[in-house]
Amino acid sequence: MIHCGAVIAAGISQGKSQTLRKNCKIFEQFREDHEKRDFVSAGAAAGVAAAFGAPVGGVLFSLEEGASFWNQSLTWRIFFCSMVSYFTLNSVMSEYHGYPGQLSFPGLVNFGRFDNLDYTFKELPLYMVMGVIGGLLGALYNHVNYMLTVFRMRYVKHPVARILEAVLVSAFGVTLAYMTTFIHFCSPYDQSDVKFPIQLDCENGQFNTFWSIWLQTPEACLRSLLHDDENTWHVMTLTIYFFAYLLLGCWTYGLSISSGLFIPTLAVGAAWGRLYGIAVTKLLLYVGFPPEALCYSKFAIVGAAATLGGVIRMTISLTVILMEALGNITFGLPIMLCVMISKWVADIFNEGLYDVHIQLQSVPFLGWEPPPYSYTICASQIMSYPVVCLKVVEKVGFIEHMLKTESHNGFPVVDITESSYDNVHTFGTFRGMILRWQLIVLLQHKVFEETNHIEKLTLKDFRDSYPRHPTIQQIHISPCERNFTIDLSPFMNSSAYTISHKASLPRIFKLFRALGLRHLPVTDEKNSVVGIVTRKDIARYRAKHGKFGVEELQVSYA
């Protein structure tokens, strides 16, 4: 749902379809990267709101995990988008289930209503211990998945190999399920409130506890683990289910198929949470303290929250999502405690699963804070150089040659005396910044000084080519036109941000994070360009996790 919301939002922001070759001539003012990123953030929030019936949680999820740039106006826009998504799904689902106008089905994943989630101070230490267990389990989950992902990137590259891996995982899951049919976990109907009992080879009046939970949909299975009483599920049933779902969930995440993370991880946490509740009950009975007030549903909820928090390391948004999905704010404190503790414990060993995959895919996503131990690193140490620069009035042939031979997306415009093909990396006084796709549009419309087409080019021409701009290979430049010139001053960003070569890495990081920058030219005392800093340059510096937490700063060239 998060992916669907993001894709739909990215498409809506364009107001046209390249596939259908249809330009609806709407939303033209949103055809730029900045607006598209805001739409994608709103779409991700709408997906969370529809999936869990949590509009506030969707906004916080987009803030905490989905966006690297945020402002105040974006907050209420995304909140409005989440509310519309929440209300629309609620209306349709209520009509579908025969309750029109009641708005009784807020999300696709419904945890059900809990009659009693009261707790006392004596239970809080138990929940804090569960937070520690969830953090350790989440760190183990991320480490195993990291090794599997690295293996896939090295050896499972061909599309046929990816299909075969998905078939292998399916075959393993079916085989594991078949092998469990030889294990007899039978329980009488009258001692449980299971909604989907499966008899299998049990006697009349009994049902197989493992298959009754294994053959449910993941959402129904999670609901059973959260709601069913203590007499429903056998200890061995929960143990086998826990290990089987943990293995399959960790193996499945990263396959070349559409798969989820929230529900499987919540189910794993709910399973070991009930096991933890059974162990605590037996321990209290053994020491002579009858546990009348203990409820397995509470342990299942805390276990689910602790496991998911240890895997993805979300805190605020995860707490709000679970509270909105549960429809009970009373149990918010235990959820907050276990989520925070699980994050702290898991952060000792590695990063969250999203951050792990972002790093493996070399996506220059910046976190909330600059890397530690980076205050002594200055711009001259992290910038890329030499820089491909353009003159304010540049030859068409040089621009074409530069676009074909260089892969950069942003180019500083400087005042220099001359430029040649053999001396591409020339520095000069900084005048502005121009992007690759803008240069391509200028070449496409033949905006040359000799042809005097500059007055015919409008802002609409730049927006119409967005987002799939033609490549430089698709632009035809005649030999005569290569000797023409282009005046870049009307089209470049003459007020682009720059940074001194003595600026520290945290200062540069905050500029990128607060302003949503992608390129930052580095200048010296004479305002001459000496280098350029991009998001990739900053993302290379990451904290190295050791045995006792963050030990040093290392440069990653992944």
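When I say two residues are in contact, I mean that they have heavy atoms within 4.5 Å of each other. Keep that in mind, everyone, and let's start with Asn145. In this predicted model, Asn145 touches Cys250, Tyr253, Leu353 and His357, leaving out residues up to four places away in sequence. Where does Asn145 sit? Its place is in helix 5, which covers residues 124–155. Buried means under 20% relative accessible area, and Asn145, at 0%, therefore counts as buried.

Let me step back to the whole chain for a moment. There are 20 helices and 14 strands in the chain. Along its principal axes, the C-alpha trace spans about 90 × 55 × 45 Å. How much of the chain is buried? Of the 558 residues, 49% are buried. The accessible surface comes to about 28400 Å², and carbon and sulfur atoms account for 60% of that. As for contacts between residues at least 6 apart in sequence, 70% of them join residues at least 24 apart.

Now for some helix packing. Two packed helices are described by the angle between their axes and the distance between the axes. Take helix 2, residues 33–52, and helix 3, residues 55–66: they pack at an angle of about 135°, with axes 7 Å apart. Angles over 145 degrees would count as roughly antiparallel, and helix 2 and helix 3 are therefore oblique to each other. The crossing of helix 2 past helix 3 is right-handed. Which residues make the contact? From helix 2 we have Ser41, Ala45, Val48 and Ala49, and from helix 3 Pro55, Gly57, Gly58, Val59, Phe61, Ser62 and Gly66. Sorted by class, the residues of this contact between helix 2 and helix 3 are six nonpolar, five polar and no charged.

The second pair is helix 11 with helix 12. Their packing angle is about 150°, and the axes are 11 Å apart. With the cut-off for roughly antiparallel at over 145 degrees, that makes helix 11 roughly antiparallel to helix 12. Helix 11 and helix 12 also have a right-handed crossing. On the helix 11 side the contact uses Ile301, Ala305, Leu308 and Gly309, and on the helix 12 side Leu318, Leu322 and Leu326. That contact of helix 11 with helix 12 has six nonpolar residues, one polar and no charged.

Thr307 is found in helix 11, residues 296–312. Is Thr307 buried or exposed? Its relative accessible area is 3%, so Thr307 is buried. Not counting residues up to four places away in sequence, Thr307 touches Gly134, Leu137, Thr265, Gly269 and Trp272.

Over in helix 12, residues 316–326, we find Met323. Met323 has 18% relative accessibility, and with the limit for buried at under 20%, Met323 counts as buried. Apart from neighbours within four places in sequence, Met323 is in contact with Asn328, Ile329, Gly332 and Ile335. If you want a sense of distance, Met323 and Met383 are 60 residues apart in sequence and 45 Å apart in space, C-alpha to C-alpha.

Let's turn to the loops. Asp115 lies in the loop between helix 4, residues 72–96, and helix 5. With a relative accessible area of 82%, Asp115 is exposed. From Asp115 to Lys456 is 341 residues in sequence and 69 Å in space, C-alpha to C-alpha.

Last topic: backbone geometry. Most residues other than glycine have a negative phi, and most peptide bonds are trans. What is the peptide bond from Tyr385 to Pro386? That bond is cis, with omega near -5°. Pro386 is found in the loop between helix 15, residues 379–382, and strand 5, residues 390–391.

Then there are two residues with positive phi to look up on your screens. Lys446 is not a glycine, yet its phi is positive, at about 55°. You'll find Lys446 in the loop between helix 17, residues 436–444, and helix 18, residues 459–464. Lys446 is partly exposed, at 21% relative accessible area. Asn527, also a residue other than glycine, has a positive phi near 65°. Its loop runs between strand 11, residues 519–523, and strand 12, residues 529–534. Asn527 has a relative accessible area of 32% and is partly exposed.

Key: Residues numbered from 1 in each chain as written. Predicted model: local features only at pLDDT ≥ 70, side-chain atom pairs only at ≥ 80, totals over all residues. Heavy atoms only, no water. Axes fitted to C-alpha atoms, helices over the stretch in contact; angles between N-to-C directions. Helix = DSSP H or I, 4+ residues; strand = E, 2+ residues; numbered from the N terminus. Parallel < 35°, antiparallel > 145°, perpendicular 65-115°, else oblique. Left-handed = near helix turned anticlockwise from the far one by under 90°. Nonpolar A, V, L, I, M, F, W, Y, C, P; charged D, E, K, R; others polar. Buried < 20%, exposed > 50% of the residue type's maximum accessible area, 1.4 Å probe, protein only. Areas by Shrake-Rupley, 256 points an atom, 1.4 Å probe, with all protein chains shown as cover.
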